[in-house]
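Visitor: I have a structure to go through. Could we discuss it step by step?
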Amino acid sequence: MALIKSISGIRGTIGGKPGDTLSPLDIVRFTAAYGTLLKESNSQNNKVVIGRDGRISGEMVQALVVNTLISMGLDVINLGLSTTPTVEMAVVSEQAVGGIILTASHNPKEWNALKLLNHKGEFISGADGAKLLEIAAKEDFQFVSVDQLGKVIVGENLLEKHIDACVNYPLVDVAAIKAANFSIVIDAINSTGAIAVPALLNALGVKKYSVLNSEVNGQFAHNPEPLPEHLRDLCNEVNKQKASMGIAVDPDVDRLCFVCEDGSLFGEEYTLVAVADYILQHRKGNTVSNMSSTRALKDITIKHGGIYSSSAVGEVNVVTKMKEVNAVIGGEGNGGIIVPDLHYGRDALIGIALFLTHLAKEKKSIKQLRNTYPDYFMSKNKIELTPGVNLSSIFEQIKKKYKKNPINTEDGLKIEFDNDWVHLRSSNTEPIIRIYAESNSETVAANIAKRLMDDIKEAAGLN
């Protein structure tokens, strides 16, 4: 059981003792701290947007969050079942002071979380996050009298507004998508992708699609992280139906990956690469991804005459870097696409619209498109942390061991080996160390990752 407080929000498992898990008391405490933060930053505006994914605990968490905010005198625009990017865009369109998305993203069904947004519909800053934790620890909040209670406003047509914005985005070509006559299989992982993705495909003129795991009940049919080992049913179904492609999203629809017509994976790392390739053909400019993402984005950016920059892992860090370098496209290698002139947030819906446009205009199969990009192989691994482990000591020992190699310490440790690299970092969302290695050889990537995992275990005394 766990409770994790980070720049990605307040995340934990449901059930157990307060302070150790995302208990009802913790949900109220952190929501009240967030409400306090909003009221301090803007005394005039009292609207907050709330939406949730399809998790089993979603309604319970939503009721606690909504009623806590009302008790602080804040009005709640309640979207109910929604997607993360829809809530982000609704904060702006509804001129709200902030927003909360109730989702634990790719985590299994026993998890839930409060993802916290500012008035721009972007994740709150590290400084605001630290202030919020301080308010929560001191329970330094004030509730209003009965005459000042906030009210609930039902958020209507906000998914439709989001879809309209995607369909009408200047680089999305609905006519080209219609003419391509795609047939698509969607894995909606028993969450709100089952509502949002078909609605988007209808608006884009895609007539032939089917949905796997379409019941929005939070009983995830498989581990919800869209990784190869979890997408076998989708791959098989694409093959069986002789479909043009498969689409997989995570429970809150901010991550996106594709399956090729032969049932092979396009690769979640290459979702951003393909969309960036299309954007850069039409808009010269710079790109950003986090330092755990594939080098292929850098190659594509240079090919189109732009400059590539990397950021620390975490959407808020990617967005900060994108603003710094005025990037025209950015995101994360986990299938997260950020299109800045739509909104500064990962968004699978605009990702689908742009990817289908690119594919339609290239007049290639999805497999042929994948073959036009540089081939890198990434080995993604993790080691579970035992309580009390000294992470800085482990990283110090590894840094010493590889002191002759170029090392970046901005976010954990990134070590370069000629054209290969490995990135070690503690997760913002789980009690683990992630070990990502990349090479143009699958074997080399796996070997680098294994070597560093052995180094970590040795340094932590786990051998």
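Visitor: Let us begin with Asn190: buried or exposed?

Guide: Asn190 is buried, with a relative accessible area of 6%. Buried means under 20% relative accessible area, exposed over 50%, and partly exposed in between, using a 1.4 Å probe and protein chains only. Before we continue, please note that this is a predicted model, in which local features need pLDDT of at least 70 and side-chain atom pairs count only at pLDDT 80 or more, while totals for chains, interfaces and linings use all residues. Residues are numbered from 1 along each chain as its sequence is written, and side-chain values use heavy atoms, with hydrogens and water left out.

Visitor: Where is Asn190 placed, and what is its phi?

Guide: Asn190 sits in the loop between strand S8 (183-187) and helix H7 (193-203). Its phi is positive, at about 55°, although Asn190 is not a glycine. Helices (H or I, at least four residues) and strands (E, at least two) are DSSP runs, numbered from the N terminus.

Visitor: Which phi does Val253 have, and where is that residue?

Guide: Val253, which is not a glycine, has a positive phi of about 65°. Its place is in the loop between strand S10 (245-249) and strand S11 (256-259). Val253 counts as buried, at 0% relative accessibility.

Visitor: What share of the residues is buried? And what share of the contacts links residues 24 or more positions apart?

Guide: Of the 463 residues in the chain, 59% are buried. Among contacts with a separation of 6 or more, residues 24 or more positions apart account for 69%. Contact means heavy atoms within 4.5 Å.

Visitor: On to helix packing. At what angle do H1 and H2 pack?

Guide: Helix H1 (residues 24-41) and helix H2 (residues 58-71) pack at an angle of about 40°, and their axes are 9 Å apart. That makes H1 oblique to H2. Angles under 35 degrees count as roughly parallel, over 145 as roughly antiparallel, 65 to 115 as roughly perpendicular and the rest as oblique. Axes are lines fitted to C-alpha atoms, for helices over the stretch in contact, and angles run from 0 to 180 degrees between N-to-C directions.

Visitor: Which residues make that contact?

Guide: H1 contributes Pro24, Ile27, Val28, Thr31, Ala32 and Gly35, and H2 contributes Val61, Leu64, Val65, Thr68 and Leu69. By class, the contact has eight nonpolar, three polar and no charged residues. Here Ala, Val, Leu, Ile, Met, Phe, Trp, Tyr, Cys and Pro count as nonpolar, Asp, Glu, Lys and Arg as charged, and the others, Gly among them, as polar.

Visitor: How do H9 and H10 cross?

Guide: The axes of helix H9 (residues 268-282) and helix H10 (residues 296-303) come within 9 Å and cross at roughly 10°. H9 and H10 are therefore roughly parallel to each other. Their contact residues divide into eight nonpolar, one polar and two charged.

Visitor: And at what angle do H3 and H5 pack?

Guide: Helix H3 (residues 84-93) packs against helix H5 (residues 158-167) at about 95°, with axes 9 Å apart. That makes H3 roughly perpendicular to H5. The contact is made by Pro85, Thr86, Met89, Ala90 and Ser93 of H3 and by Leu158, Leu159, His162 and Ala165 of H5.

Visitor: Last one: which residues does Pro226 touch?

Guide: Not counting residues up to four places away in sequence, Pro226 touches Leu231, Asp250, Arg255, Cys257 and Glu268. Pro226 lies in the loop between strand S9 (208-212) and helix H8 (232-241), and it is buried, with a relative accessible area of 4%.
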